[in-house]
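Please look over the notes below alongside the model. They take up the ligand site, then a sheet, then a pair of helices.

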Amino acid sequence: MTFYGKVFKTHILGRPIIVSTDPDVNKVVLQNQGNVFIPSYPKSVIELLGESSILQINGGLQKRLHAIIGGFLRSPQFKARITKDIENSVKLALSSWIDRKNTHHPIIYLQDETKKITFQILVRVLMSVEPGEDMEFLKREFMEVIKGLICLPIKLPGFRMYKSLQWISNFEILQAKERMLKMVRKIVDDRKMAMEKKETKDSGSPNDAIDVLLRDTGESDGTQQRLPLDFISGNIIEMMIPGEDSVPMIMTLAVKYLSDNPVALSCLMEENDELKKRKDESGEGYAWTDYVSLPFTQGVISETLRMANIINAIWRKALEDVEIKGYLIPKGWCVLASLTSVHMDEENYENPDEFDPWRWEVTGSSLSSHNLEVLIPVRSKTGASVNSNKFTPFGGGQRLCPGVSWLCGWVDGCGVGEI
Ligand code: HEM
């Protein structure tokens, strides 16, 4: 960066690309989704996800799907239901760890354990599948599918993508996806049939993402058409990715950062213990919004998201020549808006390699202890500081992650403090 500047040309995965590490340039790229920039993820990702993946589609259909999913995840009914689910799953996991202490296998592999918790919760949210045979089947197949996503497309024996690219001789990954599609499609078909049988099909709150997608009549985009069933099934599978990948990873890293920082850990525990005491005294159960009353915990989550950078960049292609801050992005060129570089740039964050949850303290208009006024986040009620273009773990613009509104509650609710 020192040598080439904040925006430069290079080659990634064999294709020429413009990399932006400049928050202002990234902002323009993300805000101009659809009219000037469209998604342009690597071929390997699109081959595995399919052309009708929400990450790939554009225009009215993307807006419609985004609005349906975002609206559902933000709804108070959904949050009330999921809070209990999260609490139960975490309690179950924690007690199984205690039991394991006295066995021959006392070691807990945190990432595997968090995957179990988050995958189950997400699958229940998406399609109301309960733990059991079907859940195990989905997990097994999904682990196979996701292997093809998290790899480099290098065509050499031994590389995972070699496996993924050898469709003809080696169908493992595609076959796993086909088997999953078949199962999810059956659930979607059954649900549709059940809905059609009922006269009052659109009444009552939707139970899961399949319900909301099936109920949508296409009024918002003027098509007046229901979403195709294959399209719903494919996108439901795609939305399982965060349950197996991003959320468990962020939880695991939060625990790692906290283990390396005993002072932060004790502040976090103190804050969470106080909440528990308040709940015990009042006899109230946990509510979704509880995490909003935990400023230090929110700082831990933001700091983990900043450093962990689960989605490290966003891929776009320019539909026309665009000039941003004096940089020309020619028509047809791919732009990689790097989120990691912005989060780890010392111009934006003092001592960026240091895990410092205190840097997120909201101190009104005064300077923080780190003298970084620009970084003091303007928190929304959801606790996510999405207003700064120097903090964008969830992307931005029209494609801002619809999971943003419940992730902080999830990570907190999933007991990072307890773990
Ligand atoms: C730590 C966890 C997560 C991170 C860091 C994350 C990050 C992101 C980012 C950066 C994008 C933007 C991609 C782009 O602009 O091309 C995105 C999109 C998306 N995320 Fe998340 N995400 C997370 C969890 C979730 C969860 C739990 C869900 C809920 C099911 C979710 C659903 C989606 C969907 C559907 C999109 C596509 C939105 C669209 O293109 O309209 N994500 N996510």
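1. The shell around the ligand is made up of 16 nonpolar, five polar and one charged residues. This is a predicted model. Of the 22 residues around the ligand, the nearest are P242, S246, G395, C401 and G403. Two helices, α3 (59–74) and α12 (246–259), each give at least two residues to this shell.

2. Strands of a sheet pair through backbone hydrogen bonds, either parallel or antiparallel. Here, five strands form an open sheet with mixed pairing, in the order β1-β2-β7-β4-β3. At the edges are β1 (7–12) and β3 (37–39), each of which pairs on one side only. From one strand to the next, the twist averages 40°.

3. How do β1 and β2 run relative to each other, parallel or antiparallel? They run antiparallel, and six bridges join β1 to β2 (residues 15–20). T10 has I17 in β2 as its bridge partner. Helix α1 (residues 23–31) packs on the sheet and touches β1, β2, β3, β4 (313–318) and β7 (334–338). The direction of α1 makes about 120° with that of β7.

4. Two packed helices are described by the angle between their axes and the distance between the axes. For helix α8 (residues 172–197) and helix α10 (residues 229–238), the angle is about 125° and the axes are 9 Å apart. That angle makes α8 oblique to α10. Their crossing is right-handed.

5. Where α8 and α10 meet, α8 contributes residues including M180, L181 and V184, and α10 contributes residues including L229, I232 and I236. The residues of this contact divide into eight nonpolar, two polar and four charged. Among the residues in the contact are R185, D189 and K192 in α8 and D230 in α10.

Conventions: Residues are numbered from 1 along each chain as its sequence is written. This is a predicted model: local features need pLDDT of at least 70, side-chain atom pairs count only at pLDDT 80 or more; totals for chains, interfaces and linings use all residues. Axes are lines fitted to C-alpha atoms, for helices over the stretch in contact, and angles run from 0 to 180 degrees between N-to-C directions. Helices (H or I, at least four residues) and strands (E, at least two) are DSSP runs, numbered from the N terminus. Angles under 35 degrees count as roughly parallel, over 145 as roughly antiparallel, 65 to 115 as roughly perpendicular and the rest as oblique. A crossing is left-handed if the near helix is turned anticlockwise from the far one by less than a right angle, and right-handed if clockwise. Two residues are in contact if their C-beta atoms, placed from the backbone, lie within 7 Å. Ala, Val, Leu, Ile, Met, Phe, Trp, Tyr, Cys and Pro count as nonpolar, Asp, Glu, Lys and Arg as charged, and the others, Gly among them, as polar. A residue is near a molecule or strand if its C-beta atom, placed from the backbone, lies within 6 Å of it. Two strands pair if DSSP finds at least two bridges between them.
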